[in-house]
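Student: I am new to this protein. Could you walk me through it with a few questions and answers?

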Amino acid sequence: MDLILKNITVIGKDGENITDIGVSQGTIVAIENNLSGDAETFEMQGNFAIPGFVESHIHLDKACIMDRCKSEEGTLAEAIREVSAAKEGFTVEDIRHRAIQTLEKSIVQGTTRMRTHLEVDPVIGLKSVEAVMPLISEYSWAIDLEICVFPQEGLLNNPGTDELMVEALRRGVHVVGGCPYTDTNPRGQIERIFEIANRFDVDIDFHLDFDTDPSGMTVIDVCEFTDKYSYGGRVAIGHVSKLSALQTDQLEIVANKLAASGIAVTVLPSTDLHLMGGGRDHNIVRGVAPVHRLLQHGVNCSLATNNVLNPFTPFGDCSMIRMANLYANISQIGKDSDFRSCFEMVTNRPAKLMRLEDYGLEIGNPADIVVLNCRSDLAAVQEIALPLYGFKRGRKTFTHRPPILHKP
Ligand SMILES: [Zn+2]
């Protein structure tokens, strides 16, 4: 062994217990008490270890642009319009600089795996892909990064976009995304995305049904094409705020369809709260899909950051545990089991969505270990626990010092 973490709390089959973790050449080789040897050893004082947070939905290319955008209406239309105008000034170097800022913030918040969504269209071309692709290897010491390309401003209505999406996939991006709500032909876009995905044998991640009108859900079209292409387990849909407007019996119908088709749902609480329910001055609609209830129907669900410091979301510290806490707050979570679900929705559930088969604190897996300043998953969500240390494949990647109280 070359690394030993002593006295660390892990979740085992019988709940939390304190143990040691041994690592050799970047791989977990032992999880048992009283490990010793001449390995580098860290005393963890009973703090809680996780395999790192999994961020399945974040836009690195349009992060950190509040200084060049207006955000006065706080509406989706304004956000798309403002970012669309700002994109004309993006360069590869500029995107790279902002992506690195955001990536490094995510790393120190304990994220070890990430899927980023990058825009492709005739205005921005492939600049986002060219800026972010090199970061996969440059930051592999701290995070595993995969890229999803998608047409934020529509596909069938935006000539030239399709060719660019295909070219990005030829260059090796990992996932194809869609945004039917900005397309003049939403169903047509969904169908075309499935054709492209099937041709390149890649997974799909849509932005979908992003308003609070319960009518006109395209989620049903996505179910239909998922079944037609036998794509169950390979499709995710993000936002789906229309689900927040459904009554229980309608929600159950959609949940059962999603579960049967094998479609995962990602809620983006910060963006959804910011952009939904606009134009009202009281009883403001939250517009956050109740994913903890979808879980009960067998739908895999996740929580993610989405945007950081842009008109879609003028907030952002890239903290996944804060996102879990935010969701728990606004969804009025009270039961311990639901708090645990919130924790799972920023860890092993997005890992399942991204089909990360080597994720988890288990012997034989990469030694991706993040130590939180708490003793359990429940406390992590309730207290927004501070990530104290991160390790990626057994190498230390960051340290946060817990605060020191200077008593008189
Ligand atoms: Zn998004």
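**A guided look**

Tutor: Leaving aside residues up to four places away in sequence, Thr111 touches Phe53, Glu55, Ser106, Ala142, Ile143, Cys318 and Met320. Contact here means heavy atoms within 4.5 Å. This is a predicted model, where local features need pLDDT of at least 70, side-chain atom pairs count only at pLDDT 80 or more, and totals for chains, interfaces and linings use all residues. Residues are numbered from 1 along each chain as its sequence is written, and side-chain values use heavy atoms, with hydrogens and water left out.

Student: Is Thr111 buried or exposed?

Tutor: Thr111 sits in strand S7 (residues 111–119). Strands (E, at least two residues) and helices (H or I, at least four) are DSSP runs, numbered from the N terminus. Buried means under 20% relative accessible area, exposed over 50%, and partly exposed in between (1.4 Å probe, protein chains only). Thr111 has a relative accessible area of 1%, so Thr111 is buried.

Student: Is Val29 buried, exposed or partly exposed?

Tutor: Val29 belongs to strand S3 (residues 27–32). Val29 touches Met1, Gly22, Val23, Ser24 and Ile363, not counting residues up to four places away in sequence. With a relative accessible area of 36%, Val29 is partly exposed.

Student: Which arrangement do the 4 donor atoms form around the zinc ion?

Tutor: The protein donors are His57 (NE2), His59 (NE2), His207 (NE2) and Asn306 (OD1), 2.0 to 2.2 Å from the zinc ion. Donors are N, O and S atoms within 2.8 Å of the metal (3.2 Å for Na, K and Ca); water is not among the atoms, so sites may look incomplete. Four donors count as tetrahedral if all angles lie between 85 and 135 degrees; four count as square planar and six as octahedral if opposite donors are over 155 degrees apart and all others between 65 and 115; anything else is irregular. The angles here run from 87 to 172 degrees, so the arrangement is irregular.

Student: How many residues apart in sequence are the parts that His207 and Asn306 tie together?

Tutor: Both His207 and Asn306 are buried. His207 lies in strand S10 (residues 203–208). Asn306 lies in the loop between strand S13 (301–303) and helix H10 (320–330), so the pair ties together parts separated in sequence by 99 residues.

Student: Which residues in H3 does H2 meet?

Tutor: Helix H2 covers residues 92–108, and helix H3 covers residues 127–138. From H2, Val92, Ile95, Arg96, Ala99, Ile100 and Leu103 take part. In H3 they meet Lys127, Ser128, Glu130, Ala131, Val132, Leu135 and Glu138.

Conventions
Axes are lines fitted to C-alpha atoms, for helices over the stretch in contact, and angles run from 0 to 180 degrees between N-to-C directions.
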